[in-house]
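Biologist: I would like to learn how to read a model like this one. Please walk me through it.

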Amino acid sequence: MAPLPKKRRIGLILGIVGGVVVAIVVVLALIGMAVESGFPEAKNKLTLPKTLLDGKYRLAQDLSDSEGKKIEDEAHGAWDAKDLHGVVGTYDVGGDASKGTLVVSGMYGRFKNTDAARRNMMKGAAQGANAKVAVPAKDFELGGVSISCEVVTQEQMGTKFTVPMCAWADGNTGATVATVNTPLASQSPSDIDLEAAARNTLQVRSEAVKPIG
């Protein structure tokens with residue numbers, strides 16, 4: 001019997017928050033048997049609308065052709081993932097990065113093991129340079145969607161930032177949503193309302209996930 005291929009880990013380090021680098025690691029650990037059967041039908045895709053959260057955030061940069069391509073390259077041949085397309089974008093509050101930034105980083109395609117993928121997205125957040133998990137991931141069930149959220153702290157140029165991060169993963173789409181707003185960035189991690197962050201992520205998902213075709 002031929003040996004099974006080694007497990008693969010899909011990773012991306014993205015750092016953009018209004019001139020301050022914040023390392024966000026998106027890790028989709030897609031583990032399983034490399035088989036053709038059992039993949040869900042491709043029905044939905046992840047997009048980058050011009051605005052998110054009822055117009056609060058405006059699209060600043062679509063990095064899908066650069067950072068998104070890195071996701072696709074790393075994901076090539078991964079187990080339990082097919083037909084992958086990387087999607088990465090940054091959004092600013094009212095088009096002004098000094099007021100706050102939201103980063104959407106993910107992919108769409110056909111996925112298995114979505115619960116494991118979502119958990120590993122959260123684990124990956126602590127692997128960025130100078131990044132630490134300040135509040136461990138907590139799972140929320142909202143509107144029939146499983147969302148995991150945690151709080152990461154990131155130190156840059158002697159300043160520590162508080163970054164709430166959430167993730168979802170389903171059969172067709174998966175993404176992390178990271179938010180750095182003023183004065184949110186200076187809040188104590190324990191004061192962050194993770195349930196509110198999860199609700200925002202659910203809304204981002206509803207606005208960004210569109211039917212294929």
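Modeller: Start with a facing pair: Asp-62 stands opposite Gly-89 in S6. This is a predicted model, where local features need pLDDT of at least 70, side-chain atom pairs count only at pLDDT 80 or more, and totals for chains, interfaces and linings use all residues. Residues are numbered from 1 along each chain as its sequence is written, and side-chain values use heavy atoms, with hydrogens and water left out.

Biologist: How many helices and strands does the protein chain have?

Modeller: The chain has 3 helices and 12 strands.

Biologist: Which residues touch the most other members of the largest nonpolar core?

Modeller: First, the term. A nonpolar core is a set of buried Ala, Val, Leu, Ile, Met, Phe, Trp, Tyr and Cys residues joined through side-chain atoms within 4.5 Å. Buried means under 20% relative accessible area, exposed over 50%, partly exposed in between (1.4 Å probe, protein chains only). In this case the largest core has 28 residues, and Leu-46, Leu-102, Val-104, Cys-149 and Trp-168 touch the most other members. H3 gives the largest share of this core, 5 residues. A second, separate core has 9 residues, including Met-121 and Val-152. Of the chain's 213 residues, 51% count as buried.

Biologist: How many salt bridges does a search of the whole structure find?

Modeller: A salt bridge is a side-chain nitrogen of Lys or Arg within 4 Å of a carboxyl oxygen of Asp or Glu. The search finds 4. One of them joins Asp-83 and Arg-110 at 3.4 Å, N to O. Asp-83 lies in S6 and Arg-110 in S7, so the pair ties together parts 27 residues apart in sequence.

Biologist: Are Asp-83 and Arg-110 buried or partly exposed?

Modeller: Asp-83 is partly exposed, at 46% relative accessible area. Arg-110 is buried, at 19%.

Biologist: Which residue forms a salt bridge with Asp-170?

Modeller: Arg-205 does, with the closest N and O atoms 2.8 Å apart. Arg-205 sits in helix H3 and Asp-170 in the loop between S10 and S11, 35 residues apart. Asp-170 is buried at 17% relative accessibility, while Arg-205 is partly exposed at 22%.

Notes:
Helix = DSSP H or I, 4+ residues; strand = E, 2+ residues; numbered from the N terminus. Pairing = 2+ DSSP bridges.
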